[in-house]
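This report goes through one protein model for a reader who has not seen it before. The sequence and the structure come first, and the notes follow.

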Amino acid sequence: MGCVRAHNEDACFTCVGDGLGLGIVCDGMGGANAGEVASQLAIDSFAQTLLQALAAPDDGGECPPEEQLRCALERSNQSVYCYGWEHPECRGMGTTLVAALVLGTSAYILNVGDSRAYALRDCGIRQITQDHSLVAELLRTGRITPEQARNHPRKNIITRALGTERQVTGDLFVHRVQPGERLLLCSDGLTNELTDGRIFELVQQGGPVEESCQRLVDAALLCGAHDNVTAVLLDLRDDAER
């Protein structure tokens, strides 16, 4: 939890099995406690829909992972949107979502909003997702510099969210997993406080993924985090490398 918010509007989920890994991070928004309701609803619906699809027996018409992720996003969006209309105190609530589904040597990454996915290797860190935010759009079109983007007064404005409209479109990336790689999913509470280089340094200190995530959260809090901070790290290295 950040140093300013009285309640945690972030939610996360992980599931790791033989040849499969799933991580999800959501950052909710809305009045009162609606943000935390939105993020938890989105996590529950997305994870349940996707895991059920993955566990279903193959009937000869196997659904590709990309389509399974899109179906999970659609179901999750519907859950949050309908809940908001059925509960006036939560109307207009929404959430970001970033999810990574790892199957063998392929990672399927989906995002809506400004929660991010990064790939980390010994040689460095690379952001996979693109933020759906006003500042990111200004940066992509060259109207502001990276330095201006870090402290922009409107950096909290996102241009796409889950649950605010009847339909939502997420960006989907297919990432080829490399030996020794890790995937980091995080809310903007982390990236608003720590540079990519600092994130890389902290993860490179090693240890179990839980310790690495805690180091990231602690470092963001020490910087005076103005938002909730959530990080999920999927370690894709072989046992011999850990």
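The text below takes up the helices, the cores and a few single residues.

The model is predicted, so local features are given at pLDDT of at least 70 and side-chain atom pairs at pLDDT 80 or more, while totals for chains, interfaces and linings use all residues. Residues are numbered from 1 along each chain as its sequence is written, and side-chain values use heavy atoms, without hydrogens and water.

Helices (H or I, at least four residues) and strands (E, at least two) are DSSP runs numbered from the N terminus. Buried means under 20% relative accessible area, exposed over 50%, and partly exposed in between, with a 1.4 Å probe and protein chains only. Contact means heavy atoms within 4.5 Å.

Helix α2 has 22 residues and reaches 32 Å from its first C-alpha to its last, close to the 32 Å expected at 1.5 Å a residue. The expected span is 1.5 Å times one less than the number of residues. Among the buried residues of α2 are P65, L69, L73, N77 and Y81. The buried residues of this helix pack against α1, β4, β5 and β8 (171–176).

Two packed helices are described by the angle between their axes and the distance between the axes. For α1 and α2 the angle is about 145 degrees and the axes lie 8 Å apart. Axes are lines fitted to C-alpha atoms, for helices over the stretch in contact, and angles run from 0 to 180 degrees between N-to-C directions. Residues of α1 including L41, F46 and L50 meet residues of α2 including L69, A72 and V80.

P64 is in the loop between α1 and α2.

**Cores**

A nonpolar core is a set of buried Ala, Val, Leu, Ile, Met, Phe, Trp, Tyr and Cys residues joined through side-chain atoms within 4.5 Å. The largest one has 25 residues, of which I24, F46, L50, L69, L73 and L97 touch the most other members. Two or more residues each come from β2 (20–29), α1 (34–55), α2 (65–86), β4 (97–103) and β5. Helix α1 gives the largest share, 7 residues. Apart from this core lies another, of 18 residues, among them L190, C213, A220 and A231.

Leaving aside neighbours within four places in sequence, L69 is in contact with F46, L50, L101, Y108, L110 and L172.

**Helix α7**

The 14 residues of α7 (residues 209–222) should span 20 Å at 1.5 Å a residue, and the end C-alpha atoms are 20 Å apart, which agrees. S212, C213, R215, L216, V217, A219 and A220 are buried in α7. Their cover includes β9 (182–186), α5 (188–191), α6 (196–204) and β10 (231–235). Just after α7, G224 takes a positive phi of about 85 degrees.

**Single residues**

S106 belongs to strand β5 (residues 106–112). Not counting residues up to four places away in sequence, S106 touches L101, H175, R176 and V177.

| Residue | Relative accessible area | Class |
|---|---|---|
| S106 | 17% | buried |
| P64 | 42% | partly exposed |
| C223 | 43% | partly exposed |
| C123 | 72% | exposed |

A disulfide is a pair of cysteine sulfur atoms within 2.5 Å. By this rule there are 0 disulfides. The sulfur of C123 is 18 Å from the closest cysteine sulfur, in C186, and therefore too far for a bond.
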